Amino acid sequence: MRQSQQLIPTLKENPADADVASHRLMLRAGIIRQVASGLYSWLPLGLRVIRKLENIIREELTTSGAQEVLMPVVQPAELWQETGRWSKMGPEMLRMKDRHDRDFCLGPTHEEVITDLFRRDIHSYRQLPCNFYQIQTKFRDEIRPRFGVMRAREFTMKDGYSFHADQACFDATYQEMYDCYERILRRMALDFRAVEADTGSIGGANSHEFHVLADSGEDLIAYATGGDYAANLEKAAAAPPAGRPEAAEALEKVATPNQTSIADVAAYLNIPETRCLKTLIVQGAPEAEAQDERRTHEDSRPRLVAMVLRGDHELNEIKAQKLPGVANPLRFADDDEIQAVTGCVPGSIGPLGLKIPTYVDRDAAAVADFVCGANEEGVHYRGANWVRDQPLAETDVVDLRNVIPGDAAPDGGGELQFLRGIEVGHIFQLGTVYSEPMQAKVLDQNGRSVTPIMGCYGMGVTRLVAAIIEQNHDEVGIIWPEPVAPYLVHVVALNYGKSDAVRKAADRLYDVLRERNLEVLLDDRDERPGVKFADADLIGIPHRITIGDRGLKEGRLEYLIRGAAEAETLPLDEIVSRLAG
């Protein structure tokens with residue numbers, strides 16, 4: 001392609017509203033243009049990259065045995081109502097009505113649609129397993145779109161769904177999809193890590209995320225320094241503590257006037273924060289409120305649940321909201337609710353004698369002789385101990401906290417450390433979360449009707465473009481890996497419009513490279529050399545050949561691999577053979 005004939009509207013300055021490198025560079029390199037908040041048009045260079053990614057994804061999925069389908073963006077409410085997600089999904093699902101006043105949505109995902117397709121056309125175990133995928137537009141009405149296409153409202157996604165007669169069959173396909181995703185990301189020349197993850201709004205049992213490693217990543221990944229364990233921070237767990245020391249101090253109340261935070265109390269009493277326990281109060285689940293046998297018709301106080309952690313640890317809200325009796329999504333109680341139920345203001349709340357359901361983090365349960373609120377304003381307990389001073393049922397002790405660097409890895413593989421990553425893929429073990437409520441059935445080999453087990457496999461195509469750039473750029477522009485680059489070779493012709501020698505040499509080289517099936521972009525524009533070089537650095541095509549009058553006289557051309565420190569001067573034939581080889 002000749003650059004004079006392609007829309008590549010580069011920008012010299014960084015856009016003011018672009019916060020991350022990929023967003024800045026995609027705008028400056030003429031890859032995308034914003035239409036509205038979270039909505040982008042993809043220009044020719046960007047679309048070429050998307051097609052490269054799609055081709056890699058399709059090739060690997062075909063190898064794995066998956067079948068490509070295409071489902072509608074607009075989905076009827078009836079399907080979502082069957083699974084209960086029509087009411088459960090928040091405002092990120094854009095709902096609408098057609099001219100007949102029927103409810104529809106712009107699909108954020110396609111579990112319901114694929115399950116409906118399955119139940120209509122697949123009826124026998126002989127048709128299983130089956131694995132379908134599509135590459136298609138999704139819409140999620142993000143409350144705050146940001147980071148360009150990494151957190152956009154409309155995006156292109158590969159989503160896949162598999163159906164199985166038994167767990168063994170599903171396990172084999174899940175592993176194949178795990179391996180397939182690794183092959184895809186390796187072919188894109190990405191540094192990535194697969195991690196255990198929370199299933200979120202998709203539901204199901206276990207899941208794995210695939211993260212492209214980058215300092216700008218939104219997600220924090222915990223990994224074992226000496227083992228294979230890796231998990232998203234939402235899911236990550238440390239090894240449980242070995243045990244709890246014996247009590248050595250007597251329980252006493254101490255005045256702590258105006259000391260309401262863990263840091264304040266620890267400093268006031270001259271003890272480490274690890275010896276303090278903090279008690280957080282959250283809302284209980286509405287259904288738990290109705291079933292609580294301890295409540296009477298006179299008691300209209302809100303149902304609350306206590307969460308007890310070690311003073312230096314932070315609550316993991318994803319873990320907490322999955323506990324029985326806890327509101328999901330997690331909601332912290334306000335000061336008035338806490339005082340109405342406990343009789344005490346926040347800052348002096350503690351687990352001893354607290355008359356509400358209480359969960360205790362494993363590490364908090366392993367602390368002896370601790371300091372905690374005494375449920376009296378301005379008063380704390382010192383020398384408190386579990387069992388002796390407060391009963392502690394085994395079912396009350398759970399993993400509640402975020403892990404921190406230096407924690408022991410749960411698999412025994414050294415310590416946990418952190419990396420930042422951009423989530424580009426997520427695979428789920430759905431079980432029968434969708435097939436059962438939608439009554440998708442097949443007949444097994446004995447003629448019995450059984451509910452198939454499902455899997456779900458997503459990969460963000462447009463997000464991958466941004467992730468690749470985040471991992472492959474420098475201060476002047478993008479550095480595309482060869483497998484995903486919009487073009488392989490950038491021929492920069494200096495004084496193309498004024499020099500017959502340059503024009504003839506550039507056109508000849510352009511034809512030779514195309515004859516050898518090498519994707520080439522010829523910069524034949526009437527621009528100054530400085531502009532051409534700056535645009536070439538910004539666009540980031542892997543191989544650059546510069547043609548100028550001086551080099552032609554010497555019979556040599558300048559050859560530069562994008563990102564290399566220095567260019568080489570080589571004969572034309574050597575450059576072509578190197579590229580074609």
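Q6 is buried, with a relative accessible area of 13%; buried means under 20% relative accessible area, exposed over 50%, and partly exposed in between, with a 1.4 Å probe and protein chains only. The model is predicted, so local features need pLDDT of at least 70 and side-chain atom pairs count only at pLDDT 80 or more, while totals for chains, interfaces and linings use all residues. Residues are numbered from 1 along each chain as its sequence is written, and side-chain values use heavy atoms, with hydrogens and water left out.

**Surroundings of Q6**

- Q6 is found in the segment before α1; helices (H or I, at least four residues) and strands (E, at least two) are DSSP runs, numbered from the N terminus.
- Leaving aside residues up to four places away in sequence, Q6 touches M1, P44, R48, Y487 and L521, where contact means heavy atoms within 4.5 Å.

**Helix α14**

- Helix α14 spans residues 529–539, and V531, K532, D535, A536, L538 and I539 are buried in it.
- These buried residues line one face of the helix because, seen down the axis of α14, they fall within an arc of 165°; the arc is that of the directions from the helix axis to the C-beta atoms.
- An α-helix has 3.6 residues a turn, so residues three or four places apart point the same way.
- The cover over the buried residues of α14 includes the helices α1 (21–28) and α2 (44–64), and also the strands β25 (477–478), β26 (489–493), β27 (520–523) and β28 (543–547).

**Hairpin β1–β2**

- Strands β1 (residues 32–36) and β2 (residues 39–42) pair in the antiparallel sense over 4 bridges; two strands pair if DSSP finds at least two bridges between them.
- The two strands form a hairpin with 2 residues between them, and G38 in the turn has a positive phi of about 75°.
- Opposite R33 stands S41 in β2.

**Second largest pocket**

- The volume of the second largest pocket is about 270 Å³.
- Of its 20 lining residues, T260, K278, T279, L280 and G347 are the closest to the centre.
- On a 1 Å grid over the protein atoms alone, with a 1.4 Å probe, a pocket is an open set of points with protein on both sides within 12 Å along at least five of seven lines, and lining residues have an atom within 4 Å of a point.
- At least two lining residues each come from α7 (262–269), β14 (277–283) and β17 (370–376), and β14 gives the largest share, 5 residues.
- By class, the lining has 13 nonpolar, 6 polar and 1 charged residues; Ala, Val, Leu, Ile, Met, Phe, Trp, Tyr, Cys and Pro count as nonpolar, Asp, Glu, Lys and Arg as charged, and the others, Gly among them, as polar.

**Backbone geometry**

- A cis peptide bond with omega of about -5° joins L128 and P129, and P129 is in the loop between α5 (111–121) and β7 (130–139).
- The peptide bond from N328 to P329 is also cis, with omega near 10°; P329 lies in the loop between α9 (317–321) and α10 (335–342).
- N270, a residue other than glycine, has a positive phi near 60°; N270 sits in the loop between α7 and β14 and counts as exposed at 71% relative accessibility.
- N375 is not a glycine either, and its phi is positive at about 60°; N375 belongs to strand β17 and is buried, with a relative accessible area of 17%.

Definitions and conventions
Grid points are joined across faces, edges and corners, and a volume is the space filled by probe spheres set on the points.
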